[in-house]
Amino acid sequence: MAKAKTKRPKARLNFTEQFFPARPRQLLKLARSVAISPLKATRKIGLASAGNNNYLLWLKGESMLEAANRLATRYSGRSHMWRNPYARARPRAAINQASVWYAAYPNSLITKNGSSLIATLADKALWQAFQEVGIQGLHTGPMKAAGGIAGWQTTPSIDGHFDRISTRIDPLFGTEDEFRQLAKVAQSHGGIVIDDIVPGHTGKGPDFRLAEMNYGEYPGIYHMVEVDIQDWHLLPEVPPGKDSANLDHEQEEALKKAGYIIGRLPRVIFYEPGVKDTNWSATQAVKGIDGRVRRWVYLHYFKEGQPSINWLDPSFAGMKLVIGDALHSLGELGSKGLRLDANGFLGIEKINDELAAWSEGHPLSEAANMIIAGTVRKLGGFTFQELNLSMDDIKTMSVSGADLSYDFVGRPAYHHALATGDTELLRLVLTEAKGLGIDPASLVHALQNHDELTLELVHFWTVHKDDTYTFRGRKMKGSELRETVRKDMYAKLTGKYAPYNLKFTENGIACTTASFVAACLGYNKLEKLGKREIGRIQQAHLLLAMYNALQPGVFALSGWDLCGSLTVPHNEVEKLIDDGDTRWVNRGAYDLMGTSPAAKHSLAGLPRAQSLYGSLPEQLQDPSSFARQLQRILAVRSECGLATAHLEDIPPVAHSGVLVLVHRLAEDKLQATVLNFSAEKVSLPIQSGSFPKGKSVVDMFTGKKLGKVDANRGFVVNLEPTDGTSILIG
């Protein structure tokens with residue numbers, strides 16, 4: 001009797017083959033846009049269910065937690081883990097690596113023909129241009145695979161790649177080898193690459209799907225609670241085609257009373273009635289590996305597809321996942337720094353039955369950030385945090401946490417100064433920060449980034465809402481101050497006066513720096529901007545660059561700033577903004593090096609935005625261009641070592657539109673940044689008790705001597721409208 005042939009098992013595909021099959025590079029349709037490229041499995045082995053061991057092993061093999069466990073073995077017990085100080089934040093050590101950054105939002109960069117996005121960023125011509133302008137660091141933005149998993153298939157990103165599901169680079173942007181080459185090219189031009197990690201949440205990728213099936217330690221990654229079947233009537237129905245449903249306020253309260261969740265939080269980020277009423281959602285019924293069917297309630301500070309990580313679960317699975325992602329970026333890709341996205345929401349605790357839960361400024365957030373930042377410093381890197389909380393929290397988290405913090409101190413105050421021509425709010429917040437001991441050198445002072453122009457003013461909304469401040473000649477509480485400023489800004493920057501900008505939920509305004517300036521200058525139709533109008537926009541744009549660059553700390557700007565990009569017409573991103581996320585109007589595509597003039601979209605499908613200033617090579621041929629004038633600002637900054645200086649004084653001035661910052665440089669010299677946010681010429685004395693009498697005074701931009709510090713410890717400065725300068729004393 002002939003032997004039956006044994007069927008040979010098919011070889012198991014590796015990570016890249018399963019998740020990222022070869023495919024022609026093509027423009028993704030806008031309807032699926034901004035999304036991660038579809039990560040389709042090349043073959044399906046059985047049903048995508050908890051009863052299929054092949055499916056479980058596939059999910060586990062592609063999970064971030066499993067990748068973290070594998071990576072840890074390469075570092076544990078190695079001597080290089082003990083060669084660097086790590087306990088305290090080291091802002092000036094980070095600044096010395098690179099003090100001027102270009103922030104690249106990968107979905108928006110138009111690539112060089114035939115090149116991937118990462119290869120485009122690794123172009124030596126780009127880095128030569130960066131070197132010429134004075135840019136030393138490149139912050140990549142989120143480049144790793146994002147979105148979710150539904151069965152064997154993947155689903156698009158729902159938040160511009162901030163819903164990460166893998167430690168691997170998304171092939172939409174390029175390969176890991178190309179990323180490593182980018183790091184080498186940057187280094188050869190005196191620069192560094194800065195990557196992202198997301199310590200607060202993931203997407204609904206393999207880790208979340210395994211958690212739903214109650215597999216191993218995976219439920220411990222998230223703030224998720226199993227609801228007994230007899231209480232399922234408290235949960236919302238999940239609509240067809242969805243895998244979860246957001247809780248309304250009544251359901252949130254009912255589950256709190258039943259003891260499942262801690263209930264409402266102080267605020268609902270991305271609040272949209274009927275879309276996101278609360279920070280909690282319920283899953284559909286999911287069959288677990290033990291055969292039981294479960295429904296879970298899970299926390300998401302942000303969108304429904306971004307389940308929050310639990311930093312104090314006994315498994316510590318969430319912590320391992322995040323640290324593994326950091327190890328990959330630093331040790332495997334060659335990044336020198338990491339941005340901690342939304343890292344202020346890592347602790348959550350019930351207070352009592354009446355009050356909202358404690359979820360901001362929580363000690364666990366401080367402890368978790370110390371662990372992340374300390375680990376990164378042990379590896380020789382640095383971190384910076386996007387922490388839009390009170391100044392108190394920024395100060396607390398900067399002691400042993402991230403080395404640098406995104407500047408939510410001066411934002412939106414410097415925007416308010418230009419919008420109103422009055423620096424009172426800006427001087428108020430800078431004085432408040434100085435009083436709290438916030439070192440400007442610990443901040444990343446930025447122009448536009450991928451987000452909106454924030455108007456949350458969290459400092460005056462939470463901790464200090466009942467504190468009294470003097471503003472516009474009268475006393476008012478912090479909460480009233482906040483509302484006054486918000487009314488000013490919404491009236492000036494949106495609606496009939498600036499229909500090209502859009503309100504973004506309750507957070508702020510979706511706009512570019514150029515479209516913000518256009519609104520401040522009263523231009524309500526962008527299509528009618530002529531040479532004179534563009535010149536005025538450029539001048540005010542440079543004033544904002546001066547504010548951010550002519551003070552200690554990191555100065556950051558985007559490709560939208562370098563090109564003078566405007567918002568894109570709303571109808572061109574209609575499918576992306578229909579859920580209320582209007583930020584897509586300020587994320588238009590741009591061609592930084594002018595290598596693809598015919599391209600109408602980025603690879604991610606974002607439409608090309610109108611550029612007022614042109615490409616970087618074009619601007620470097622024109623001495624009056626934005627890039628060339630920015631180059632001079634950065635040269636002055638470098639000449640006096642301003643990036644690592646110390647803020648000495650914020651003296652009062654005789655003109656409401658003028659701001660003066662006095663900094664102490666090395667060798668006991670002083671520098672004064674003098675900025676005119678008003679629309680009129682000014683000539684006024686600048687006085688400070690820090691100015692030593694009789695010392696020489698020089699305008700660093702012109703080299704002109706302005707005399708000496710007089711007996712009143714001052715000197716006279718003349719400025720054009722929306723102009724500024726840097727003064728060297730002694």
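Two strands count as paired if DSSP finds at least two bridges between them. Strands (E, at least two residues) and helices (H or I, at least four) are DSSP runs, numbered from the N terminus.

This is a predicted model, in which local features need pLDDT of at least 70 and side-chain atom pairs count only at pLDDT 80 or more, while totals for chains, interfaces and linings use all residues. Residues are numbered from 1 along each chain as its sequence is written, and side-chain values use heavy atoms, with hydrogens and water left out.

Let's start with a hairpin. Strands β18 (residues 468-471) and β19 (residues 474-477) run antiparallel and are joined by 4 bridges. Tyrosine 469 has methionine 476 in β19 as its bridge partner. The hairpin leaves 2 residues between the strands, and arginine 472 in this turn has a positive phi of about 55°.

Now for the cavities. A cavity is a set of points on a 1 Å grid over the protein atoms alone where a 1.4 Å probe fits but cannot get out; lining residues have an atom within 4 Å of a point. Grid points are joined across faces, edges and corners, and a volume is the space filled by probe spheres set on the points. The model has 9 cavities of 30 Å³ or more.

| Cavity | Volume | Residues closest to the centre |
|---|---|---|
| Largest | about 390 Å³ | Phe302, Glu386, Asp451, Glu452 and Arg583 |

β1 (100-103), β16 (443-446) and β22 (554-558) each give two or more residues to the lining of the second largest cavity.

Methods. 1 Å grid on protein atoms, 1.4 Å probe; cavity = no way out; pocket = protein on both sides within 12 Å on 5 of 7 lines; lining within 4 Å.
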